[in-house]
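Grab a pencil and have a look at the model below.

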Amino acid sequence: MSVSDQGATVWLTGLPSAGKTTIACALAERLRDEGHRVEVLDGDEIREFLSAGLGFSREDRHTNVQRIGFVAELLASNGVKALVPVIAPFADSREAV
């Protein structure tokens with residue numbers, strides 16, 4: 001298995017509008033140019049499609065992060081680099097994924 005075939009998850013967390021998605025998209029482009037399979041799991045898109053109906057309570061944020069972590073792990077286990085630019089404000093949620 002070559003390096004380009006190995007999956008991984010890179011989680012970029014930070015404040016809103018800090019540039020997480022911009023960095024993830026630039027990195028994705030570079031990795032694709034090098035022959036890697038890459039997906040960007042953007043937090044806003046995930047909320048719209050995978051976590052629709054969740055609010056912003058601590059419990060809902062934890063559920064959202066867990067769902068994203070599950071998808072990232074699934075992608076990574078299938079040889080995809082999953083770039084995750086998501087606000088994950090609680091240490092226990094980050095640790096869980």
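**Exercise 1.** How many aromatic pairs does a search of the whole structure find?

*Solution.* Keep in mind that this is a predicted model. Searching the whole structure turns up zero aromatic pairs. Next, check for a charge over a ring: the cut-off is 6 Å from the ring centre for CZ of Arg. R47 sits over the face of F56, with 4.0 Å to the ring centre.

**Exercise 2.** Work out the order of the strands in the open sheet, and find its edges.

*Solution.* Start with the order: the three strands run β1-β3-β2, and the pairing is parallel. Now the edges: β1 (8–12) and β2 (38–40) each pair on one side only. On average, neighbouring strands are turned by 15 degrees against each other, direction ignored. Finally, zoom in on one pairing: β1 and β3 (residues 81–85) are joined by five bridges in the parallel sense. A8, for one, has K81 in β3 as its bridge partner.

**Exercise 3.** Describe the largest pocket and its lining.

*Solution.* First, the space: about 320 Å³. Second, the lining: 18 residues, with G43, D44, P85, V86 and I87 closest to the centre. Third, the helices: α1, α2 (43–49) and α3 each supply at least two lining residues.

Definitions and conventions
Residues are numbered from 1 along each chain as its sequence is written. This is a predicted model: local features need pLDDT of at least 70, side-chain atom pairs count only at pLDDT 80 or more; totals for chains, interfaces and linings use all residues. Side-chain values use heavy atoms; hydrogens and water are left out. Rings of Phe, Tyr and Trp (its six-membered ring) pair if their centres lie within 6.5 Å; planes under 30 degrees apart count as stacked, over 60 as edge-to-face and the rest as tilted. A charge sits over a ring if NZ of Lys or CZ of Arg is within 6 Å of the ring centre and within 35 degrees of the ring normal. Two strands pair if DSSP finds at least two bridges between them. Helices (H or I, at least four residues) and strands (E, at least two) are DSSP runs, numbered from the N terminus. Axes are lines fitted to C-alpha atoms, for helices over the stretch in contact, and angles run from 0 to 180 degrees between N-to-C directions. On a 1 Å grid over the protein atoms alone, a cavity is a set of points where a 1.4 Å probe fits but cannot get out, and a pocket is an open set with protein on both sides within 12 Å along at least five of seven lines; lining residues have an atom within 4 Å of a point. Grid points are joined across faces, edges and corners, and a volume is the space filled by probe spheres set on the points.
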